[in-house]
Amino acid sequence: MVDPNEHERAAMATASERAGEFIEALGQTDMARWTPEQWRQFIEVVCGAYVDALCEQQAALNAALARARPA
């Protein structure tokens, strides 16, 4: 990613945390020994956490805007 913004960096931090949690739970730090299924799960965890974090940020922003705007 070229020149990520603050939201993307925050999402990457969340994805990194989830990746670490996955690796700890798997108990296998040598990625070369992972099965194709373990690799797929890892990618799913990382990508899912990144997207979820961006969505959560957007939802928080939308809620803040809704509170700031008169009804």
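How many positive and negative side chains does the protein have, and how far apart do the centres of the two sets lie? I counted 6 positive and 11 negative side chains, with the two centres 5 Å apart; Lys and Arg count as positive, Asp and Glu as negative, while His and the chain ends are not counted, and each charge is placed at NZ of Lys, CZ of Arg, CG of Asp or CD of Glu.

Notes on the model. I am working with a predicted model, in which local features need pLDDT of at least 70 and side-chain atom pairs count only at pLDDT 80 or more, whereas totals for chains, interfaces and linings use all residues. Residues are numbered from 1 along each chain as its sequence is written, and side-chain values use heavy atoms, with hydrogens and water left out.

Overall form. I found two helices and zero strands, taken as DSSP runs numbered from the N terminus (helices H or I of at least four residues, strands E of at least two). The C-alpha atoms fill a box of roughly 55 × 25 × 15 Å along the principal axes. Buried residues make up 14% of the 71, where buried means under 20% relative accessible area, exposed over 50% and partly exposed in between (1.4 Å probe, protein chains only).

Aromatic rings. My search of the whole structure returned five aromatic pairs; rings of Phe, Tyr and Trp (its six-membered ring) pair if their centres lie within 6.5 Å, and planes under 30 degrees apart count as stacked, over 60 as edge-to-face and the rest as tilted. Phe22 and Phe42 form a tilted pair, 5.9 Å centre to centre with 50 degrees between the planes. This pair links distant parts of the chain, since Phe22 sits in helix H1 (residues 6-26) and Phe42, 20 residues apart from it, in helix H2 (residues 36-68). Both Phe22 and Phe42 are buried. I then looked at Trp34 and Phe42, whose ring centres are 5.1 Å apart and whose planes meet at 65 degrees, so this pair is edge-to-face; Trp34 is buried too. Ring pairs join Phe22, Trp34, Trp39 and Phe42 into a cluster.

Ile43. I placed Ile43 in helix H2, and it counts as partly exposed because its relative accessibility is 35%. Its C-alpha atom is separated by 36 Å from that of Arg67, 24 residues apart along the chain.
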